[in-house]
Amino acid sequence: MAAAAPVANEAQAVLRSRLCDPAFVHSPLRSSPDTNYSKLKYLVDSSVSEACNNSVLLLGPRGCGKGAVLDMVLEDLKTEHPDAISVIRLNGMLHSDDNCATKEIARQLCLEHQLSFSKMASSDDNTEFMIDMLRECGLAHKTVIFVLEEFDLFAQGKQRLLYSLLDAMQTLTSQAVVIGMSCRLVCTSLSHALLAFSPSKLAKHFQRVKFLLCV
């Protein structure tokens with residue numbers, strides 16, 4: 001019995017690490033061309049490879065795996081294109097105000113490209129800086145990926161941030177992908193593509209449990 005204890009503890013540690021790792025839990029999605037992972041990966045990867053602008057909305061209820069799938073795609077792209085992408089993340093609960101959003105974009109762009117960030121810059125200054133950086137990244141063949149969580153909060157009101165991004169993406173030199181995530185129906189006209197995520201059915205949960213136990 002004493003000899004079995006270390007084995008049981010090791011098995012428990014392995015299972016706990018698997019359950020707490022979203023990338024491992026959702027890794028079977030990589031093997032099928034029909035999953036939202038494969039569709040999102042193809043859309044973003046082709047945008048990076050072909051140096052073109054694009055946008056996509058990920059819609060579905062909370063807990064359906066939107067964020068996990070997106071994180072897997074970004075992780076794979078960073079491995080495949082280590083010097084060709086830059087990721088900027090915003091959350092509608094924190095950055096839905098235009099001034100706050102443009103300031104956060106400028107801050108992350110400065111951090112990403114090792115530039116000094118001015119806390120005193122105005123919203124117009126930050127917007128102009130964002131447009132200039134998109135142009136510079138495009139000339140350097142680097143794609144900026146904007147991830148907008150709680151996208152429905154960005155789509156309310158004047159939508160200045162979204163239209164500033166879309167306007168910047170119309171220039172010949174910019175290379176950007178806007179990925180919106182929301183659990184609510186939002187204005188789909190602001191995106192080129194839509195990927196719908198449905199709640200996991202009981203059968204899928206059993207398949208995941210089997211995968212976690214048998215791998």
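**View 1. Asparagine 126 and its neighbours.** Leaving out residues up to four places away in sequence, asparagine 126 touches Thr102, Lys103, Ala106 and Ala121 (contact means heavy atoms within 4.5 Å). Asparagine 126 sits in helix α7, residues 123–139 (helices are DSSP runs of H or I with at least four residues, strands are E runs of at least two, both numbered from the N terminus). Its relative accessible area is 5%, so asparagine 126 counts as buried (under 20%, with exposed over 50% and partly exposed in between, using a 1.4 Å probe and protein chains only). A quick note on the model: it's predicted, with local features needing pLDDT of at least 70 and side-chain atom pairs pLDDT 80 or more, while totals for chains, interfaces and linings use all residues. Numbering runs from 1 along each chain as its sequence is written, and side-chain values use heavy atoms, without hydrogens or water.

**View 2. The open sheet.** Five strands line up as β2-β3-β4-β1-β5, with parallel pairing (a pair needs at least two DSSP bridges). At the edges are β2 (85–91) and β5 (193–196), each pairing on one side only.

**View 3. The β2 and β3 pair.** β2 runs parallel to β3 (residues 143–149) over seven bridges. Arginine 89 has valine 147 in β3 as its bridge partner.

**View 4. Helix α3 against α4.** The axes of α3 (residues 36–49) and α4 come within 10 Å and cross at roughly 40° (axes are lines fitted to C-alpha atoms, for helices over the stretch in contact, and angles run from 0 to 180 degrees between N-to-C directions). Residues in the contact include Tyr37 and Leu40 of α3 and Val69 and Leu77 of α4.
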